[in-house]
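Visitor: Could you walk me through this one? Please put it on the screen first.
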Amino acid sequence: MPKATASSSTSSSSTPRSQGAPFQNAHVLRRNQACHQCRRRKLVSLPSSADAKRPCSTCIRSHSYAVSHAPPGADLPPHPECTFDESSEQASEPNPQDSPKNRFERLESRINELEALLQEKDHGERSRSRSASVNGFSAPPSLVAGYNDNMQLGVGSFSLNPQTELGLLPSISGLDELAGTTAFVDDMSHNFRHPGHSSFIDMMQQSLPDSPDVGFGMELLAAGWPRDLPGYPFLRHLVEAFFTFTPSASRMFHAPTFLASLSLPPTHPKFPLPATLHGMCALGSLYTAAVSPTPAPPLPVYCEITFSFAEMQIRAARESIEDTLRTTANLFGCLQAQVIVALWYWYNARWSEAYVSFALSLRYAVPCGLNACPPFESISSSNMTRSSIIPAASNVIDDETRRNTFWIAYIMERHFAAINNFAMMLDDEDISQMLPVRGDQFEQGVLVPPNQRQWSYEPNVIDNHLDDQLDPFILHVKAAMLLSKVKVFNGRYRTRRHMGAPDTQPDPAGIPGMPGNNLVQTSPAFVEIDSLLANFKQTLPTQFRDPMAHGVIDVNLFTALSTIHFGVIVLHEGHARIGRSACVSACRILAAARGILNLLYEAYSTSHNLALLGVFPMVCWFAAGRVLIRFLKAAIEAKSEDHMAALRTEVDFFRSVITGIGESVPHAHHYGKMLNDYLVQTCGKEYATVVAAPTLPYRPHTGPTPAQNDQLPTQFDDGPNCLALSAERSSSQSYS
């Protein structure tokens, strides 16, 4: 390297510094002229007679000092270690006549070449990682195996395949990292204020990679982004999974409107409530392999408590709900978020928290005025009373969304209340609300006047159906109302009978073949509810009797039909005397259990993922399995081999299905264990063998005929040991 002469130094110092050149001492070597060792030690090299040569004087002095002071036997290199950048003399000493513009152009060209190489490398790594695992993450068990952001959902206009390219991101290099980044953020802020430009989220969709990343955050780009939410691409991924796979999600929210609001800036007043988004992230994580599943409770006391992604989102949702309630900013949004939180607790077998959350969700609906619809409001004239503390709905979709949300909260609370003996959170007498409109009318925002709809207070609302206002979701609401009647009867019967209510007094004549003056089944109230349960399915139009009629499972219709059978079991099981030929209750619960079994047979014969049917069908399967186990015990005591084989096959089918779903759903895992424990306690360990994947037995009919129902309890009476079992009060046993 040539020496820097004094004349050159003088000329350099006298030459004015070009615009954009770095501030530096003219007597100091340029950075790329110093050796690597001096740069690493951050030494400043001054030009001298011994400098600017290879090896440099600094390295020569350092090596000489090390040699002279080295301990005996030290292994030192014979020559100084001094390396330089591989650059030509012309590049090392730029032409003074070269303009700054030309130098910047050469630098930008080199930067573009390097960025192109990095993009090719990243693209190759992304392709290999995507082929190795789903979304580039590990693949833990999930409800929807293989579900990722490239999966076309086939539901409406939802698509999880954003066409994005990393190359659309603005280039940010060392030369423009300050000015360029500031301009990038300023351009986005400018788009917030001017509707003529692309929205913030549109820019994000065009500039972000197509794989959702749990760790990606938008905080650097949008200061108003909620603190605990994942970045937009992964948030959108989870929200769309929530809408696609969560039952009735598209009724509690108007999906096109909600997804459009999700594309707004986070500071926009119509941006979704953070609590709602947190809840959707938690539930949506059940359906994707990109998030590790939440472990099934309870954990051993010695285990360290760690919170999964879903648990952290639920905690954030609860905190956001409390903050929103404190400011009364969006009470209806809090109701929607609370319903989602409660459903997540139920999915994860957190029954205590689920009970409280379901109760809160239904109670939140009362101050929102959703349990009653004008003109059925309080007649109080006090100025301090209001029917609702939230503003009136702005349009038809908003109004029907509120009504649907109330009915979903009602359905879930009634479902959960039916599996325990706790009081319900809202009396049916306090509900005067219209039933929902059809799904297509809700999506299109069609106004259906009140005189063309059914009301909850109408006496024949359950078994009287309007042809123009009937769909599976409406039938689901009616089935929940009927289940509520069963729950109210069981919970209030003793009190009402003690008070002398006429409809609770049993018939002194009893039942033919079962004499007795204290049979609850003979009371008028019991007979009325039992008739409603029997008539519900008989009054259904033909197109609503088979949930698999169109080749796929209609989840709402499947759950509604299962609910009716479950209601029969809840009403009759405590009064069934299995082995008594005249016991109507034993006949009814066996027919209901096999009705649930036949629905499960049909569902299992399809390619549908049974874990996506929701939580309550699993409760129905568990209840039906318990009934069949009781009959299996009776068959064992009667030594009826044929009935033992048939009943054991049916019980094992329930066990295998629930256990299989339990691998991904903690709720089903616990119900499978409870059913297995009940089988061991009732029939013995030899009947609780490990079950394999279920197989479909031959079913010559879809359900027992009325004539067969009458003979079911007497089929075991052919042996010497007549099945005269003692009264089993299983109504006091909880399913939860």
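Visitor: How far apart are the end C-alpha atoms of helix H12?
Guide: They are 27 Å apart, which agrees with the 27 Å that the 19 residues of H12 (residues 309-327) should span at 1.5 Å a residue; the expected span is 1.5 Å times one less than the number of residues. Helices are DSSP runs (H or I, at least four residues), numbered from the N terminus. This is a predicted model, where local features need pLDDT of at least 70, side-chain atom pairs count only at pLDDT 80 or more, and totals for chains, interfaces and linings use all residues. Residues are numbered from 1 along each chain as its sequence is written, and side-chain values use heavy atoms, with hydrogens and water left out.

Visitor: What covers the buried residues of H12?
Guide: The cover includes helices H8 (232-245), H11 (274-284), H13 (331-347) and H14 (351-364). Among the buried residues of H12 are Phe309, Ile314 and Ile321, where buried means under 20% relative accessible area, exposed over 50%, and partly exposed in between (1.4 Å probe, protein chains only).

Visitor: And cysteine 334, buried or exposed?
Guide: Cysteine 334, which lies in helix H13, counts as buried because its relative accessibility is 0%. Leaving aside neighbours within four places in sequence, cysteine 334 is in contact (heavy atoms within 4.5 Å) with Leu273, Ile321, Thr324, Leu325 and Tyr364.

Visitor: New topic: how many salt bridges are there in the whole structure?
Guide: A search finds 21, each a side-chain nitrogen of Lys or Arg within 4 Å of a carboxyl oxygen of Asp or Glu. One of them joins arginine 350 to glutamate 353, with the closest N and O atoms 2.7 Å apart.

Technical notes:
Helices (H or I, at least four residues) and strands (E, at least two) are DSSP runs, numbered from the N terminus.
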